[in-house]
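Reader: Hi! Could you walk me through this model?
Author: Happy to, here it is.

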Amino acid sequence: MLESIRRTGAGEVVGRPLEGAVGDRKRPTDGRVATGPDPELVERPRRRTFTATYKLKVLGEADACTKPGEIGALLRREGLYTSHLSAWRKQRDEGALHALSKRRGRPGADPRDAQLASLRRRAERAEAELEKARRVIEVQGNVSALLGELLDPRGAKPNTKP
């Protein structure tokens, strides 16, 4: 922390913290840890955005106004300017409001793709189980054949002595 140095009449050097710049959160001047936004900083204003449905609603209300002063009252109530209405009318006439109403960003995944992937996994599991069952049946057949040969009396040679 920066300190200013001053000398007292007795020759002592006394240090006190310098005040930081407005909004400087890295070095609080009173030793506290800065946790939130600095109240001395003015937040940067954000540009308002209007949805296409809101624009169409306001344009419909403005078009329905017939008496003098009704449009002005509508604009004051909504906190809008006449330039908003003229720009929105132009967008509406060009068909841009329809395009604005679409979702922005990446298109969502097709639910059929997820269903297709699920069905593929299910088919792979079924095929794996079928292959296991075929192997078990083959092994059982081999075991049955071996046991049949061992237990079959026809397979045993008669022990006859002349």
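Author: Let me start with a definition: rings of Phe, Tyr and Trp (its six-membered ring) pair if their centres lie within 6.5 Å, and planes under 30 degrees apart count as stacked, over 60 as edge-to-face and the rest as tilted. This is a predicted model, where local features need pLDDT of at least 70, side-chain atom pairs count only at pLDDT 80 or more, and totals for chains, interfaces and linings use all residues. Residues are numbered from 1 along each chain as its sequence is written, and side-chain values use heavy atoms, leaving out hydrogens and water.

Reader: Which residues do ring pairs link into a cluster?
Author: Phe50, Tyr54 and Trp88. Phe50 and Tyr54 are stacked, 5.6 Å centre to centre with 15 degrees between the planes.

Reader: And why is the pair of Phe50 and Trp88 edge-to-face?
Author: Because their planes are at 70 degrees, with the ring centres 5.1 Å apart.

Reader: Is Trp88 buried or exposed?
Author: Trp88 counts as buried, at 4% relative accessibility. Buried means under 20% relative accessible area, exposed over 50%, partly exposed in between (1.4 Å probe, protein chains only). Tyr54 is buried too, at 18%, while Phe50 is partly exposed at 21%.

Reader: New topic: what does Leu75 contact, apart from neighbours within four places in sequence?
Author: Leu80, Tyr81, Thr82 and Leu85, where contact means heavy atoms within 4.5 Å.

Reader: Where is Val139?
Author: In helix α5, residues 111-151. Helices (H or I, at least four residues) and strands (E, at least two) are DSSP runs, numbered from the N terminus.
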